[in-house]
Amino acid sequence: SPESSDFASSVSFVGVGLTSVVEVFQCQEHEHSETKKDSVGGGTTTVVTYTYSTDWSSSYIDSASFSSTGKSSSNYMSKCGVENPTWPSYLPTPGSQWNPSAKVGAFTIPSELVRQISLDAPVLASTTPSG
C-alpha cells in the first residue's frame with residue numbers, strides 16, 4: 001500500500017510509485033518590450049505591450065497583479081475576461097509517493113531502494129506475476 005499522502009485514502013495503484021501533477025486552467029500575461037531610437041534627441045523609447053492567453057499551470061497565477069493597461073485591452077477581454085480564481089483548497093498536493101517495498105520475483109526491495117526508481121519512465125515486465 002502507498003505511503004500516506006493526499007491520495008492514500010482515495011486512490012490505489014499497482015506499481016512502485018505514483019506521481020501526481022495538479023494544474024488549473026488560468027489566464028497568463030506575456031510582456032513584450034521593444035526599444036527604439038528616438039528620431040530627435042538621441043535617446044530611446046521603450047514600448048511595453050501585454051498579451052494574454054489561457055493555459056494549464058501548476059502554480060497559482062495572481063491576475064490581480066497583471067498590468068492595468070493590459071487588462072483594459074481587447075486582447076485580455078477576449079482571451080481571459082475575468083480574474084483567475086483563487087487556488088482551490090480541495091486540490092491534492094502535487095508530488096510523488098512510493099510503495100514502502102516492491103517484489104521482484106522472490107525478492108522484496110526495501111523502501112530506500114524503491115525510492116531510487118524513477119517514476120518518470122515506465123518499467124515494463126515481460127510477464128506479470130499472479131496475485
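1. A salt bridge here is a side-chain nitrogen of Lys or Arg within 4 Å of a carboxyl oxygen of Asp or Glu. By that rule, a search of the whole structure turns up two salt bridges. Keep in mind that the model is predicted.

2. Start with Glu 34 and Lys 36. Their side chains meet in a salt bridge, at 3.9 Å from N to O. That value falls within the 4 Å cut-off. Glu 34 has 47% relative accessibility, so Glu 34 counts as partly exposed.

3. The other bridge joins the side chains of Lys 71 and Glu 83, at 2.4 Å from N to O. Lys 71 sits in helix H1. Glu 83 sits in the loop between helix H2 (74-79) and strand E4 (95-98). The pair therefore ties together parts that are 12 residues apart in sequence. Glu 83 counts as partly exposed because its relative accessibility is 41%.

4. Now the aromatic rings. The structure holds three aromatic pairs. In one of them, the ring centres of Phe 25 and Trp 56 are 5.2 Å apart. Their planes stand at 55°, so this pair is tilted. Phe 25 belongs to strand E2 (residues 24-37), and Trp 56 to strand E3 (residues 44-57). The two are 31 residues apart, and the pair links distant parts of the chain. Is Phe 25 buried or partly exposed? At 44% relative accessibility, Phe 25 counts as partly exposed.

5. Tyr 52 and Phe 66 make another pair. Their ring centres lie 5.7 Å apart. The planes are at 40°, so this pair is tilted too. Tyr 52 is in strand E3, while Phe 66 is in the loop between E3 and helix H1 (68-71).

6. Which residues form one aromatic cluster? They are Tyr 52, Phe 66 and Tyr 76.

7. Strand E5 (residues 101-104) and strand E6 (residues 107-110) run antiparallel. Four bridges join them. Val 104 stands opposite Phe 107 in E6. Two residues lie between the strands of this hairpin. What phi does Gly 105 take in the hairpin? Gly 105 takes a positive phi near 65°.

Notes:
Residues numbered from 1 in each chain as written. Predicted model: local features only at pLDDT ≥ 70, side-chain atom pairs only at ≥ 80, totals over all residues. Heavy atoms only, no water. Phe/Tyr/Trp six-rings, centres within 6.5 Å; stacked < 30°, edge-to-face > 60°. Buried < 20%, exposed > 50% of the residue type's maximum accessible area, 1.4 Å probe, protein only. Pairing = 2+ DSSP bridges.
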